[in-house]
Amino acid sequence: MDLTTVWFVAVAVLWTGFLLLEGFDFGVAALLPVLGRDRADRQLMLRTIGPVWDGNEVWLVTAVGAVFAAFPGWYATWLPAMYLPFVVVLLGLIVRAVAFEWRHSSHDERWDAAWTRVITIGSLVAAGGIGAALGATTLGLPIGPDGVRVGGAFAGWSWPALLGAVAVLAYSTLHGAIFLALKTDGGLRVRARAFAARWVGPAAVPLLAWAGLVQLRSGGPITGALWVVAAGAAVVTWTRLRVGREGQAFAAWATVLLASAATVFAAAFPVVLPSTIDPAFDVLAAQASVSDYTLTVMTWVAGFGLPVVLGYQAWTYWVFRRRLVAEPVHSPEEAHA
Amino acid sequence: MDVLDIARWQFGITTVYHFLMVPLTIGLGLLVAVMHTAWVRTGRAEWLRMTRFWGRIYLINFVLGVATGLVQEFQFGLAWSAYSRFVGDVFGSVLALEALLAFFLESTFLGLWIFGWGRIGKKLHLAALWAAVLGSVVSAYFIIAANSWMQHPVGVVLDTSSGEARARQVDFLAVLTNNTALAAFSHAIVASLMVAGGLLVGVGLWHLRRRKLAGEPVTEVDHQVWRRSVRLGGYVSLAAFALVSLTGDWQGKLMYQQQPLKMSSAEALCETEAPASFSLFAFSKLGSNECDDVHSYTIPYVLSFLAHGDFSSAVPGVNQLQEEYAATYGTTYPDDPSFGDRAGQEIDYTPVLAVTYWGFRLMIGMGMLSAGVAAYALWATRRGRVPTSRIGVYGALLAVGAPFLGNAAGWIFTEMGRQPFVVYPNPDVPVADQVYFFTAQAVSPGITAGEVWTSLISLALVYGVLAVVEVGLIARFVRRGVTDGDTTPTPGIGGGRRKDGNDGPDGAGPDDTDSSDTTDDVLQFAY
């Protein structure tokens, strides 16, 4: 494998890691008004992601950074082509981050409720925007011969963008529900599990459809097999949820994402940005990448740095591994929440 | 305004805003880590209280810094894609390494610190904070290295093999050890400590005086919290000011070699002088950017010393440099579509004089003001005294803003002073091989003014609302101060006591010391 391919794999892994990790905190946020019956419930839901959401978000920063670092031609074509969706993502991520930290700065109930809503809206907007950007990216953007978007501000707002948005939102929401079933106890756990079991089918369809479309267009037998794995894992998720095995369901649902993402990225390669105008304008990994020298330097640094990062991130999940239960909000314990 | 102007305003607004949070995050993070360390080592209650109180302010601010930092990373691609293409080989790798080596460290371990009270060992918990703070500092290093590369590109060659000019990296270590980066980084870190020091001094003095005048029943611990905050902040500010001056001098001398026009316009020095005089005060015809319209009151010899370390060397003036740059880099932008509306137009190599001149002075003046306030605070609290001077205390509270302004002015000066280049030519390289890039060619082709307006307005609105909330929140916590409850540190802290095997973030913790006040404290660190 040459270094360009190595870095394409690295970028794919970073984006997939981002969806896998931040996916459940997007999902938990999306479910706040659905599964959170009262303030104590919502408090508990937020506590499941409290220690980790910020670290999860860094996966996005690193994924975008890696695209810039390894494939500036991809970065410089993609971001301006999807200008408004990315701005929407940024606005969502900004308000969501501050809401996490600020909502508990006052014990006024309206203040708390308002920032909790901001978390939900910000997360939905960010997840949808990222889905739209990724969907349009893998299924085609109106890119001209010089790597510049053709057709104005809304040229990239197409059905692939919509499919991507729906896929990421649906996947994240279910991921959040399974995560809640895994991380909490009591009524919330039961409700989250029931929700997940009921919606697993509808949540899997858009993601599988997206991966399937990329597969049909440019996939081979191996990526086809990966797609079958993804579809099979969705069925396994359903059966595991039915018997109440949350850990196994979580692993199976994670497999749905991993296999779908692998299908999409591997089937698209070596194209990183397909052009809807003319396949001759497709942006290819090799032509978008930086020099071998820079790739070599980054490979060395990432080769030593990434295992360390994975190590300590895994360790924080271990530290906060126990199930959480709700506490009454109106008690001296209130300050704990 | 065309796309270029809107994009520049957007970059300026978002960057200056982001950089209000950054120095406080770095400076206060370091000081909170020192307080936490002091508590772990001595077990004294006031250090715990200080850790909690200042840690709370640190976190409120931290999260806004992170959130607005995201915009920065995307913005290079969104609005400045031509720049990103040109410099991708070097600039992107520095940003990516920042995310991998610093940002992960910062975010992950800060989460562990926030939720780790009483859950992990006391020393491990302290180490988590230090790891997060180290992450912030390393992150600042990478970002400043990336910025310094734009000011003084090293470690690259000009590559035209693909038909289009690109910067190609040949020496990664040279990029990371760029002397411009070392000077700017050390300057920025000590300037961050001035921000944190000024906050400790202002808030500490205010609480000391208020409690003394109100005759509130003040416990010794609470008194010590504010007193130590003032003393720590005062010493840190003064020491940092000394270092800010030294590193600023280093940076200034480098700038005279690397970007002479930036420094001459900071001085409104129109004609070459030997020896050169330092300008104290200047005024110019309104709206004019002609150097000769500026009238300046000066001190002889000082500028020669600042630029070269002696009292006689010549310092080149703006008019001469403008001619030199025009002769080297052309009097008009090339008639090329990549320059958009600017193609064929005349190039002004002199940055906006009013901005560079006053930005430079504001930076220095605010630093001096802050150091003066710190000296006053140390004098006013000598040998256990508590100041009651209304002017002194409210002055110190107001002066909390001074280092923020100074920092912002410094960045505006250094960024605006680089124009019209986004990547400034490195004078140590023969002109034919220089890697440089005009701001006019950096903007994304194909994006519409409507898109950039949309993002500029929506970001500015959201930033405005968040600024109001952030300042309001910090002010509320500052007013409330530390809690008046139990003053003994919880012996069980860090002991890992858990309730019923479930672990709420409250398993054990400093909150137990504050049973009389349920509205705040470290427990509130947990969401």
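**Figure 1. B:D249, a partly exposed residue with 30% relative accessibility, and its salt bridge to B:K253.** In this predicted model, the closest N and O atoms of B:K253 and B:D249 are 2.9 Å apart. Helix α7 of chain B, which spans residues 220–258, holds both partners. B:K253 and B:D249 are separated by about one helical turn, because they lie 4 residues apart in this helix.

**Figure 2. Salt bridge between A:E109 and A:R39 in chain A.** The two side chains meet with an N to O distance of 3.7 Å. A:E109 belongs to helix α6 (residues 109–139) of chain A and A:R39 to helix α2 (residues 39–49) of chain A, so the pair ties together parts that are 70 residues apart in sequence. The two partners fall into separate accessibility classes: A:R39 is buried, with a relative accessible area of 10%, whereas A:E109 is partly exposed at 47% relative accessibility.

**Figure 3. Salt bridge between A:R193 and A:E246 in chain A.** Here the N to O distance between the side chains is 2.9 Å. The bridge ties together parts that are 53 residues apart in sequence, because A:R193 lies in helix α8 (residues 187–218) of chain A and A:E246 in helix α10 (residues 246–268) of chain A. A:E246 is buried, with 3% relative accessibility, while A:R193 is partly exposed, with a relative accessible area of 23%.

**Figure 4. Network of salt bridges in chain A.** A:R193 and A:E246, the pair joined at 2.9 Å (N to O), are members of a network of salt bridges that also links A:D185, A:R189 and A:R323. Over all chains, the model has 24 salt bridges.

**Figure 5. Contact between chain A and chain B.** Chain A contributes 77 residues to the contact, and chain B contributes 83 residues. The size of an interface is often given as the accessible area lost when the parts come together. Between chain A and chain B the buried area is about 7100 Å², and carbon and sulfur atoms give 70% of this area. The two chains are also joined by 2 salt bridges. One of the charged contacts between the chains pairs the side chain of B:R56 with that of A:E101, at 3.5 Å from N to O.

**Figure 6. Nonpolar patch on the surface of chain B.** The patch is formed by B:M1, B:W9, B:I13, B:W453, B:I457 and B:L461, which together have about 650 Å² of accessible area. Helices α1 (3–42) and α14 (449–480) of chain B are the elements that give two or more residues to the patch. The largest share, 3 residues, comes from α14(B).

**Figure 7. Confidence of the prediction along chain A.** The mean pLDDT of chain A is 90, and 97% of the residues in this chain reach 70 or more. Residues 329–337 of chain A form a stretch over which the pLDDT is below 50. Beyond near neighbours in sequence, residues 329–337 have 25 contacts in the model.

Key
Residues are numbered from 1 along each chain as its sequence is written. Chains are lettered from A and ligands numbered from 1 in the order in which they are written. This is a predicted model: local features need pLDDT of at least 70, side-chain atom pairs count only at pLDDT 80 or more; totals for chains, interfaces and linings use all residues. Side-chain values use heavy atoms; hydrogens and water are left out. Patches are made of residues with over 30% relative accessible area and no salt bridge: like charges are joined within 9 Å, nonpolar side chains (Val, Leu, Ile, Met, Phe, Trp, Tyr) within 5 Å. Accessible areas come from the Shrake-Rupley method with a 1.4 Å probe; for residues, only the protein chains shown count as cover. A salt bridge is a side-chain nitrogen of Lys or Arg within 4 Å of a carboxyl oxygen of Asp or Glu. Buried means under 20% relative accessible area, exposed over 50%, partly exposed in between (1.4 Å probe, protein chains only). pLDDT is the predictor's confidence in each residue, from 0 to 100. Contact means heavy atoms within 4.5 Å. Buried area is the accessible area (1.4 Å probe) that two parts lose on being put together, summed over both.
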